[in-house]
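Subject: Structure handover

Hello,

Here is the structure I promised you. Please open it first, then read my notes alongside.

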Amino acid sequence: MDCVFCKIMNGEIPSEKLYENDEMFIIRDIDPKAAKHYLMIPKRHYKYLSEMTIDDSAALARSLGKIPELSEKLGLQNGYRLVINQGDDAGQTVPHLHVHILAGQPLDFPDLRK
Ligand code: AMP
Ligand code: ZN
């Protein structure tokens, strides 16, 4: 599979896994957009939320539920933002669904129409 996140999952591309379980793993984003920028990546390869199976959605819900447990380890105590980019308008660049975790500073919320 020619997918950067599958290659990281399999150890073909080195990246420190800050957390890992049977369903997902968390790494640092290589090009951070905030003081703390992580990626939570489901282990099953699919690109869009619309491709999720019932099992995928249950796994994603469990994975989101892990984030508060990891709050101290990841430095999320002061708040965080989760982002899932879907498709071209959102600028999705990696075709493997992932959740951005942004934190570590006040996160402004710009009016994107401007
Ligand atoms: P998206 O634009 O939502 O598809 O996000 C893809 C993210 O993956 C970007 O923020 C990239 O900086 C990040 N990324 C790409 N390659 C790597 C890598 N090898 N290790 C960590 N993050 C990566
Ligand atoms: Zn993949």
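Predicted model: local features only at pLDDT ≥ 70, side-chain atom pairs only at ≥ 80, totals over all residues.

**Zinc site**

Start at the zinc ion (ligand 2). Its protein donors are Cys3 (SG), Cys6 (SG), His45 (ND1) and His96 (ND1). The angles among the four donor atoms run from 103 to 119°, and the site is tetrahedral. For reference, the ideal angle for four tetrahedral donors is 109.5 degrees. Along the chain, the donors of the zinc ion (ligand 2) are spaced as C-x2-C-x38-H-x50-H. Cys3 sits in the segment before α1 (4-9), while His96 sits in the loop between β4 (80-83) and β5 (99-103), so this pair ties together parts that are 93 residues apart in sequence.

The cut-off for buried is under 20% relative accessible area.

**The sheet**

Next, look at the strands. Five of them form an open sheet, in the order β1-β2-β3-β5-β4, with antiparallel pairing. The edge strands are β1 (19-20) and β4, each of which pairs on one side only.

Now walk across the sheet. Strand β2 (residues 24-28) pairs with β3 over five bridges, in the antiparallel sense. Within that pairing, Ile26 has Met40 of β3 as its bridge partner. β3 also pairs with β5, antiparallel, again over five bridges. Here Lys36 stands opposite Ala103 in β5. Four bridges then join β4 to β5, which run antiparallel. Val83 faces His100 of β5 as its opposite number.

Why is β3 described as largely enclosed by the rest of the structure? Six of the seven residues of β3 (residues 36-42) are buried, so the strand has that description.

Ile101 is worth a click. It belongs to strand β5. At 0% relative accessibility, Ile101 counts as buried. Leaving out residues up to four places away in sequence, Ile101 touches Lys36, His37, Tyr38, Met40, Ile67, Leu76, Tyr80, Arg81 and Leu82. Take Leu76 from that list: Ile101 and Leu76 are 25 residues apart along the chain, and their C-alpha atoms are separated by 9.1 Å.

Then go to Ser63, in helix α2 (residues 54-66). Ser63 has a relative accessible area of 4% and is buried. Which residues does Ser63 touch, not counting those up to four places away in sequence? They are Glu23, Met24 and Met40. Met40 is also among the residues that Ile101 touches, and it is the bridge partner of Ile26.

**Rings**

How many aromatic pairs are there? The count comes to zero. There is a charge over a ring, though. Lys17 lies over the face of Phe25, at 5.6 Å from the ring centre.

Best wishes

Methods. Residues numbered from 1 in each chain as written. Chains lettered and ligands numbered in written order. Heavy atoms only, no water. Donors = N, O, S within 2.8 Å, 3.2 Å for Na, K, Ca; no water. Tetrahedral: all angles 85-135°; square planar, octahedral: opposite > 155°, others 65-115°. Helix = DSSP H or I, 4+ residues; strand = E, 2+ residues; numbered from the N terminus. Buried < 20%, exposed > 50% of the residue type's maximum accessible area, 1.4 Å probe, protein only. Pairing = 2+ DSSP bridges. Phe/Tyr/Trp six-rings, centres within 6.5 Å; stacked < 30°, edge-to-face > 60°. Lys NZ or Arg CZ within 6 Å of the ring centre and 35° of its normal. Contact = heavy atoms within 4.5 Å.
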